[in-house]
Amino acid sequence: MTRTVTAEELTGTVTTDTRFVVCGPPGSGKSTLVNREARPGDLSWDFDEVAATIGARTPHDGHRKRLPWHVTEATMVLRDALVDWLAETPHLGYSRVYVICSDEHMARQIARRIDATLLKVTPSHQVIVDA
């Protein structure tokens with residue numbers, strides 16, 4: 001089932017022990033959506049944030065310049081390890097999981113692997129819920 005909502009309509013409807021993979025083009029509002037929905041104790045994976053942390057850059061430098069290959073590779077290895085762990089860990093109590101992934105094909109693969117709902121954020125900041 002697919003439905004389109006605004007980011008504001010999604011706010012407050014996320015229940016506990018839910019997993020989401022959030023995809024969309026750069027600047028579409030993926031991180032903003034997750035930052036608004038996430039609460040203390042939730043797991044949130046943001047490629048830009050992790051790459052900035054391990055690559056000693058600011059989070060959104062990646063939109064202007066390419067990351068060094070080793071930073072990109074290390075960030076993907078860390079993401080894949082998290083996905084593997086989530087695939088083997090079916091419940092996290094009351095915590096929710098958000099994995100941000102710009103590439104829709106990869107996002108769909110991750111969503112299937114961790115039994116998550118895919119949220120596609122459009123450039124106009126609408127959210128397509130692909131359950």
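Let us start with helix H3 (residues 47–55), whose buried residues are Phe47, Val50, Ala51 and Ala52. Buried here means under 20% relative accessible area, exposed means over 50%, and partly exposed lies in between (1.4 Å probe, protein chains only). Helices (H or I, at least four residues) and strands (E, at least two) are DSSP runs, numbered from the N terminus. This is a predicted model, in which local features need pLDDT of at least 70 and side-chain atom pairs count only at pLDDT 80 or more, while totals for chains, interfaces and linings use all residues. Residues are numbered from 1 along each chain as its sequence is written, and side-chain values use heavy atoms, with hydrogens and water left out.

The cover over the buried residues of H3 includes strand E3 (43–46), helix H4 (69–88) and strand E4 (97–100), where contact means heavy atoms within 4.5 Å. The N-terminal end of H3 is capped by Asp46, with a side-chain oxygen 3.0 Å from the backbone nitrogen of Asp48. A polar contact of this kind is a pair of N or O atoms within 3.5 Å; within protein, one must be able to donate a hydrogen and the other to accept it, and residues adjacent in sequence count only if both atoms are side-chain atoms.

Now for the nonpolar cores. A nonpolar core is a set of buried Ala, Val, Leu, Ile, Met, Phe, Trp, Tyr and Cys residues joined through side-chain atoms within 4.5 Å. The largest one has 19 residues, of which Val21, Leu86, Val99, Ala107, Ile110 and Ile114 touch the most other members. Strand E2 (19–23), H3, H4, E4 and H5 are the elements that give two or more residues to this core, and H5 gives the most, with 4 residues. Leaving aside residues up to four places away in sequence, Ile114 touches Arg19, Val21, Val83, Leu86, Ala87 and Val99. There is also a second, separate core of 10 residues, with Phe20, Val22, Leu33 and Val129 among them.

An α-helix has 3.6 residues a turn, so residues three or four places apart point the same way. At the start of H5, a side-chain oxygen of Asp103 comes to within 3.4 Å of the backbone nitrogen of His105. Just after H5, Asp115 has a positive phi of about 55°.

Finally, the charged pairs: the structure holds 7 salt bridges, each a side-chain nitrogen of Lys or Arg within 4 Å of a carboxyl oxygen of Asp or Glu. One of them joins Glu104 and Lys120 (3.5 Å, N to O). Glu104 lies in helix H5 (residues 104–114) and Lys120 in strand E5 (residues 117–121), so this pair ties together parts that are 16 residues apart in sequence. Glu104 is partly exposed at 35% relative accessibility, while Lys120 is buried at 17%. Glu104, Arg108, Lys120 and Asp130 are linked in a network of salt bridges. Elsewhere, Arg79 pairs with Asp80, their closest N and O atoms 3.5 Å apart; Arg79 is buried at 8% relative accessibility.
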